[in-house]
Amino acid sequence: MKAKVDSIILAYLAGVKMPKQTKKETTAGQVSVNLDAEFRKSNIHEVLDKLDRELIGLKPVKTRINETAALLLVDRVRKQLELSAGAPSLHMCFTGNPGTGKTTVALRISEILHRLGYVREGHLVSVTRDDLVGQYIGHTAPKTKEVIKKAMGGVLFIDEAYYLYKPENERDYGAESIEILLQIMENNREDLVVILAGYKDRMNKFFNSNPGMRSRIAHHIDFPDYGVDELLAIANLMLAEQNYKFSADGEKVFREYIQLRMKLEHFANARSMRNALDRARLRQANRLFAGNKKSLTKIDLMTLEPDDILASRVFQEGKLDDN
């Protein structure tokens, strides 16, 4: 998998001709840089590999992240050759439904930015409106500034960012928080990257109402919903991390569960899979406890059977509650 990720980066960089040396004077007296060597030196391939392992599918998202990493790498070596063009704008917007990996990608981006020297610490601070907006006059500014202070040197991830703007409420203080964020995003972009996240249609409406925010966001990445096969692969990965697995029949039933669950309300992609597996483990424990088997093997304790899944309300006609 590492070779695959590296090839994406290197293919992106292939348009730049370079010699084998890391940095030396050529016969023409020009300094040249080996981007391949710089890529290895940065160790960002470790982060990209981790992202590829953690998230099933999401090929368009991974491609954009690899391209962004390549852009930052080129920008870094340009600085070495005194080709500075000013700090690139790295503020981003992630759009997509819940459970599509937005927070995980934000975390990996913070690591990439740190390894390439674009942020000092590389930590991720994840917040919502409640962490930024106060409930009375004079409360919002200190709340927002305190969050920004914690995020400095890293990435500030604002989930459901559109809730910051509530024009229908004249006494709402979200606009004050937005104004502070706009100033920081413009004046401190060399020390803080802001990522806004939420549903695509709501984020579009938010940007239409806040053109200043739109102008500061350089990278827009859309996270697609997962398909049935991808969700099943995610479920198997989650189980393996906890030393569980499906039986052959159990996996078939869980595939049916996924197909039904995707049609119901409040479906949240990988998040729904995690919730379903937690309940299946609970039913498995009850099944084992109530069973007649006096001695349980390691396989017994690891395996989820069809009955552990079929008890879900999703299989009961007319039930929309996923319990």
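## E179 and helix 8

E179 is placed in helix 8 (residues 174–187); helices (H or I, at least four residues) and strands (E, at least two) are DSSP runs, numbered from the N terminus. At 42% relative accessibility, E179 counts as partly exposed. The classes are buried for under 20% relative accessible area, exposed for over 50%, and partly exposed in between, with a 1.4 Å probe and protein chains only. E179 and M213 are separated by 34 residues in sequence, and their C-alpha atoms are 9.1 Å apart in space.

This is a predicted model, in which local features need pLDDT of at least 70 and side-chain atom pairs count only at pLDDT 80 or more, while totals for chains, interfaces and linings use all residues. Residues are numbered from 1 along each chain as its sequence is written, and side-chain values use heavy atoms, with hydrogens and water left out.

## Overall composition

The protein has 15 helices and 9 strands. Of its 323 residues, 44% are buried. Among contacts (heavy atoms within 4.5 Å) with a separation of 6 or more, 73% are between residues 24 or more positions apart.

## Nonpolar cores

A nonpolar core is a set of buried Ala, Val, Leu, Ile, Met, Phe, Trp, Tyr and Cys residues joined through side-chain atoms within 4.5 Å. The largest one has 53 residues, of which I65, F94, V105, L113, F246 and F254 touch the most other members. Helix 11 (residues 228–241) supplies the largest share of this core, with 6 residues. A second, separate core holds 30 residues, including I158, I184, M185 and M213. In soluble globular proteins, nonpolar side chains tend to be buried together.

Leaving out residues up to four places away in sequence, F254 touches L232, A235, F246, M273, A276, L277 and I309.

## The largest pocket

Pockets are found on a 1 Å grid over the protein atoms alone: a cavity is a set of points where a 1.4 Å probe fits but cannot get out, and a pocket is an open set with protein on both sides within 12 Å along at least five of seven lines; lining residues have an atom within 4 Å of a point.

The lining comprises 27 residues, and G99, T100, G101, T104 and A270 lie nearest the pocket centre. At least two lining residues come from each of helix 3 (44–54), helix 5 (102–115), strand 5 (155–159), helix 11 and helix 13 (270–290). Helix 11 gives the most, with 4 residues. By class, the lining has 11 nonpolar, 8 polar and 8 charged residues, where Ala, Val, Leu, Ile, Met, Phe, Trp, Tyr, Cys and Pro count as nonpolar, Asp, Glu, Lys and Arg as charged, and the others, Gly among them, as polar.

H91 sits in the loop between helix 4 (59–80) and strand 3 (92–96), and counts as buried because its relative accessibility is 2%. A polar atom of the H91 side chain lies 2.9 Å from the backbone oxygen of M185. Not counting residues up to four places away in sequence, H91 touches M185, R189, L192, V193, V194, R216, I217, A218 and H219.

R129 belongs to helix 6 (residues 129–132) and is buried, at 15% relative accessibility. Beyond its neighbours within four places in sequence, R129 contacts Y163, L164, K166, D172 and G174.

D308 lies in helix 15 (residues 306–310) and, at 1% relative accessibility, is buried. Its side chain makes a polar contact of 2.8 Å with the side chain of R287. A polar contact is a pair of N or O atoms within 3.5 Å; within protein, one must be able to donate a hydrogen and the other to accept it, and residues adjacent in sequence count only if both atoms are side-chain atoms. Apart from residues up to four places away in sequence, D308 touches A280, R283, Q284, R287 and T303.

## Positive phi in two loops

N243 has a phi near 60°, a positive value in a residue other than glycine. N243 is in the loop between helix 11 and strand 8 (245–246) and, at 56% relative accessibility, counts as exposed.

H266, also not a glycine, has a positive phi of about 60°. H266 is in the loop between helix 12 (248–261) and helix 13, and its relative accessibility of 72% makes it exposed.
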